[in-house]
Amino acid sequence: MGTNYVFACARVRSNERNLLNKEKLGIMVEARTLEDACKVLQDAQYGNEGEVIQPTTYENTLVRESDKLYAFLHSLAPDAGEFKIFAYPFDYHNIKVLLKAEALEMDGTGMLMSGGTVAPSAMSAIIRERNLMALTSHMKRAVEESLDTLARTRDPQVVDLICDRECYADIVEIAEKSGNRFVLGYVRLLIDTINLKTFVRCRKMGQNWNFFSGVFLAGGNISDKVFIGGYDEPIQQFAVRLTATALAQAAEEGGVSIKENGSFTSIEKLCDDALIRYVKDAKYISFGIEPLIGYAVAKQMEIKSVRIILAGKTAGIPTALIRERLRETYG
């Protein structure tokens, strides 16, 4: 199968040269003004050709950069179902927005996002008309269960829990269908990071293990029994349970940060870094879907770091603190 990706991988390798490495992100952090920081993005080919990226509209630029990423990947491998692991979250975001807006008698179209497998306008019509034929079985279940639960509870927050569960069930299904160990390994690790972050947040909020069981996502490498078995343990003791996993450092160091200052920033960064370290192996694969997946994750993390820098500088956050929050780079 790898020979089918010869041209695609060559294009991706070329684009990898424009990724912002640690040094370039450092230049953005140390930039004297927001305008100077945005110039780094222009050099990295953010925005449209000839466009001057403005500090006041950088968020629009980052959203368009994300759209460009998925358009680029689909242009290289239009039939690669593996890309749905990135697209489904946008679909489910739109389902959440539309269902909750309907329940609250609001117009949510302004909050819809592109990048999914179903265009925002099409998803809006699907939800409005209750014609779910174009959706996956998990999306149908998410819509139907959400509508039923909303009718009984009048609580829009249940939509998030239901949609998240079905979203990652969809993602696991497509990863398993691909038969690609790299893709499935990434998805399983992604789910582990979400469960770990949910675990520490639930504990911090004083929720019991039964509540956590209700929001736990299936499909990861770390079973719910591991989390529930250590639910009442000090975080450093619980971290020992993850010693043989890719999230040992995230659990230990992130847990300490939460205990000392109540901040979840560290564990979120460490979880993202674990994902980047995993996909770096794709750089050593000559041909196949792996380099495309690796590039997609790397670009996502880059956009996240850029957002952290620009938002931090806008808010006047100290340079050292901004630097601490940056994600590990692909290079």
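Helices here are DSSP runs of at least four residues, numbered from the N terminus. With that numbering, Glu-173 turns up in helix 8, which covers residues 157-178. This is a predicted model, so everything below describes a computed picture. Glu-173 is a bit of an in-between case: its relative accessibility is 42%, so it counts as partly exposed.

Next comes the way some of the helices pack. Two packed helices are described by the angle between their axes and the distance between the axes. Take helix 2 (residues 22-30) and helix 15 (residues 290-315): their axes are 9 Å apart and meet at an angle of about 15 degrees. Angles under 35 degrees count as roughly parallel, so helix 2 runs roughly parallel to helix 15. The crossing of this pair is right-handed. On the helix 2 side, the contact is made by Leu-25, Met-28, Val-29 and Glu-30, while helix 15 brings in Ser-305, Val-306, Ile-309, Leu-310 and Lys-313. Sorted by class, the residues of this contact come out as six nonpolar, one polar and two charged.

Helix 15 also packs with helix 3 (residues 34-43), this time at an angle of about 170 degrees and with the axes 10 Å apart. Since angles over 145 degrees count as roughly antiparallel, helix 3 and helix 15 are roughly antiparallel to each other. Helix 3 contributes Leu-34, Ala-37, Cys-38 and Leu-41 to the contact, and helix 15 contributes Val-306, Leu-310, Lys-313 and Thr-314. The tally for the contact of helix 3 with helix 15 is six nonpolar residues, one polar and one charged.

What about the cysteines? A disulfide is a covalent bond between the sulfur atoms of two cysteines. In this model the count of disulfides comes to zero. Cys-163 shows how that works out: the nearest cysteine sulfur belongs to Cys-167 and is 8.4 Å away, and Cys-163 is in no disulfide. For a disulfide, the two sulfur atoms would have to be within 2.5 Å. Cys-163 is also buried, because its relative accessibility is 0%. Cys-9, at 2% relative accessibility, counts as buried too.

Is Arg-154 buried or exposed? Its relative accessible area is 70%, so Arg-154 is exposed. Arg-154 lies in the loop between helix 7 and helix 8, and its phi is near 60 degrees, a positive value in a residue other than glycine. Thr-149, placed in helix 7 (residues 137-153), touches Arg-154 as well as Val-158 and Ile-162, leaving aside residues up to four places away in sequence.

Glu-105 is found in the loop between helix 5 (84-103) and helix 6 (120-129). With a relative accessible area of 76%, Glu-105 is exposed.

Conventions
Residues numbered from 1 in each chain as written. Predicted model: local features only at pLDDT ≥ 70, side-chain atom pairs only at ≥ 80, totals over all residues. Heavy atoms only, no water. Axes fitted to C-alpha atoms, helices over the stretch in contact; angles between N-to-C directions. Helix = DSSP H or I, 4+ residues; strand = E, 2+ residues; numbered from the N terminus. Parallel < 35°, antiparallel > 145°, perpendicular 65-115°, else oblique. Left-handed = near helix turned anticlockwise from the far one by under 90°. Contact = heavy atoms within 4.5 Å. Nonpolar A, V, L, I, M, F, W, Y, C, P; charged D, E, K, R; others polar. Buried < 20%, exposed > 50% of the residue type's maximum accessible area, 1.4 Å probe, protein only.
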